[in-house]
Every structure is written in C-alpha cells, then in structure tokens.
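Let's take a walk through a protein together. Keep the picture turning as you read, and look for each part as it comes up.

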Amino acid sequence: FLNPMLGHAMLQNMPPGLNLDALAEAVAEIEGFAGIAAEDLAPLKVKGLAHDHVEVKGRGVLLRVPKQSQFALSAADNLAYQAACFARVSASGQAPRLHGVIAPRPRVPMGALLVDYIAGRPPRLPEDLAALAACMARVHALPLPPGSARPPLANHSDPVGGALKEIEAQVAFLDEAGLEREARAEIEDELAWGRAFGRETAGTAQPIALVLTDTHPGNFLIDRDGRAFIVDLEKALYGSPGTDLAHATLYSSTTWDLDTYAELNLEQLGAYHRHYLSLLEPAFAAHLRPWLVPMRRVTMLRAITWCAKWRVLNRRAALAAKETAASTEDWSAENSDPALIAHVADRVDTYLSAPILRRMRAEWLGKPGLDDLI
C-alpha cells in the first residue's frame, strides 16, 4: 500500500521553501533519529495547500512541514496547536502518533512535526462510508477534558456560534468574490437561516466532543483491514460532532479530491448517519441526532464562504501575509504548485455556482429531506 493522499513519488522540483538539509539537521536532534541526513528524506507529492510532507526513509514516519497557518497563527503557536491535535486525536487509535516537534528556526521558518506514516489507500465512496463513520465515532467517544484543559485547542462550547463567527469573517469576502447574482442569492438565503438559527440556539446545550472539523474524504486513509485513519489534524477543536459528519460527506467535500470523488445520494447519506449513531452511547446519540442536519447546513456555509475567501485571497496574491511573523495565512499561487492551485480554483468555481449551491441545499430543502432518513 502507498499513501496516495501524500503520494510516494518524488517531486520533479523541490516544493517552494523546503530545505532538506535544514530538516535533516532538525530531525537528527530528535531522540532516536540521530544520524539522519538529507539523502534520507524524500519529499512526497503535494496535494494540500497548507503543508509539505517529507518521508524519513525506512523509519515509518514523515515530516509535516507547514507552509502557512490556516488560523493565521504565528509559526510557534501554529505548531503548538497542530502538535496538540495529533497528541489528542491519536489517543483514539485512529490517527498518526506524534514523535517529535521541530521548533521554527531560520531555515525551517514554520517548524515541522514528525508523525507516523500511515500506509493506506484513499477511501472509496460510498463503500467506505461506514469506516469513516467508525473512525469519527471513536474520536468523538474520547473522554471530554474540563474546559481548563482544552487549550490550546479552540473550545466551541456554543458550536453554532463558534462556526458562525468563522463564517461571518469569511462573508466579508463575498462582495469581492465576483459571484453571479443567482449564486449570491442562494448563499444569502442560507446565511439568513444560519443567523436566525444561531440566535435561536444561543445558550442551548448540545453534545460536545473532540472533533476534527476538516474531514473531507481526502484527509482519510484506509488500511489493509478496511480501517479508516484521519491523517490531517491541524483544525481539531472541541465542538459539535455534527460538523465532522457533515464535512466528510457534503458535495463540496466528496468532489474535492479526485482520488475520492463521489456524488452521494440521499439514501446513502441517511444510511451513513444511522450507522454512525448506532456506534455511539445511546443517550449521547439521542441528544446529538436533532443537531445533525442543522450542523450540516452550518458546515456547508463554512465551506462555501471559505471558497469565496480563497478566491479573493488567491486573486490578491497575498504574499504580504508572510511579511509579519504573526500573519502566516497565505493561499496565493506562489505558495503552492500551480497545478494544485488550478485544481482548487476549478473546485471553488464549481461550488460557488448557483446549480451546485441548489444541489447542496436540496438535501434539507427537498422532500423528503435528509432529516427524514436519519
């Protein structure tokens, strides 16, 4: 098995900013990895916007080297956040373990994490939906620490309000995103629902767990036993499990990565949700069930407004973001492979089109809707 999400092929050209000599020196400082040299490191095929990945040959580990912070954190804070994500989620047995942290330094300005290399294949949907559900259920079943022990991970005690805060920050980019009139109307209609739902549910208790938040299928790998592992953990936080269930199966997620491309129908989505709920403690499942479709709508809003933000920032070629230590979020083409940027641009254009927005919203606006099948 190869790891297709990260790829095993060497790049034709070194990813921008990747310094193998400096990485080798840093890895050699980690206990158990003395003597690692640049020739022991193999850059892997780039498929993500936020990281480069480098295999340490023959050691069953790889380096995750941030290119930016998706939360616009400083380099040190970004690395600490990601390290906490791996340490906590891997306790479920469904994620790579953390082996070491390379602090930001002059030739590795964003630092790096040393984590398990997971051998596996991309999920095949809908066949592997049950495996994805089982992975997320095990993560969500981890003991919930007291509030004081949750930092540095974000703590969305009000998951709707927490998501809406992120959504509203992204809404600021809608005017500059060049949306067609019909597409803008679809988004505004869904935003009106989301804002009203946020007001109605403010202060209402809902199930909270350690959640992954970035669960599109391309972030999972399936091992030889059919077990799913989540391998991208930089956005974990404490919030609603419904976010994870949604992001794994929204149209904008299942059609994002060509290796996992699928268009799921309502019946498949209903079976997926029912299977997930069957894996939970019954009282927790009963409390969570009414929130699943509303959180799916909120998650769709988060994804679509992110698309608008990405389009704007890419057009601005936001290289200035790297000029200050505290501003490390950069979606510009100069920060990634041009072919990858072209793929993302195509996906963003698709998801911001009126027909696709209507298709996504039909899950809850149509009759029967998804809520009828869970």
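Which strands does helix α2 lie across? Helix α2 (residues 75-89) lies across β2, β3, β4 and β5, and runs at about 15° to β5. The helices here (H or I, at least four residues) and the strands (E, at least two) are DSSP runs, numbered from the N terminus. Contact, which is how we tell what lies across what, means heavy atoms within 4.5 Å. Axes are lines fitted to C-alpha atoms, for helices over the stretch in contact, and angles run from 0 to 180 degrees between N-to-C directions.

Before going on, a word about what you're looking at. This is a predicted model, where local features need pLDDT of at least 70 and side-chain atom pairs count only at pLDDT 80 or more, while totals for chains, interfaces and linings use all residues. Residues are numbered from 1 along each chain as its sequence is written, and side-chain values use heavy atoms, with hydrogens and water left out. As for pLDDT, that is the predictor's confidence in each residue, from 0 to 100. The protein chain has a mean of 90, with 89% of its residues at 70 or more. Take care with residues 1-13, where pLDDT stays under 50, and with residues 330-335, where pLDDT also stays under 50.

Now for the sheet. Strands of a sheet pair through backbone hydrogen bonds, either parallel or antiparallel. Here you have an open sheet of five strands in the order β1-β2-β3-β5-β4, with antiparallel pairing. At the edges sit β1 (41-43) and β4 (98-102), each pairing on one side only. From one strand to the next, the twist averages 25°. Two strands count as paired if DSSP finds at least two bridges between them; β4 and β5 (residues 112-116) have four, in the antiparallel sense.

Helix α1 (residues 20-27) lies across β1, β2 (51-56), β3, β4 and β5, at about 130° to β1. Among the buried ones are Leu20, Leu23 and Val27, and the cover over the buried residues of α1 includes β1, β2, β3, β4 and β5.

Next, zoom in on Arg64 in strand β3 (residues 61-66). Is Arg64 buried or exposed? Its relative accessible area is 3%, so Arg64 is buried. The side chains of Arg64 and His51 are joined by a polar contact of 3.3 Å. A polar contact is a pair of N or O atoms within 3.5 Å; within protein, one must be able to donate a hydrogen and the other to accept it, and residues adjacent in sequence count only if both atoms are side-chain atoms. Beyond four places in sequence, Arg64 is in contact with residues including Asp52, Phe86 and Asp232.

Finally, head over to Thr254, in helix α7 (residues 251-254). Thr254 counts as buried because its relative accessible area is 1%. A polar atom of the Thr254 side chain lies 2.6 Å from the backbone oxygen of Ala262.

Technical notes
Buried < 20%, exposed > 50% of the residue type's maximum accessible area, 1.4 Å probe, protein only.
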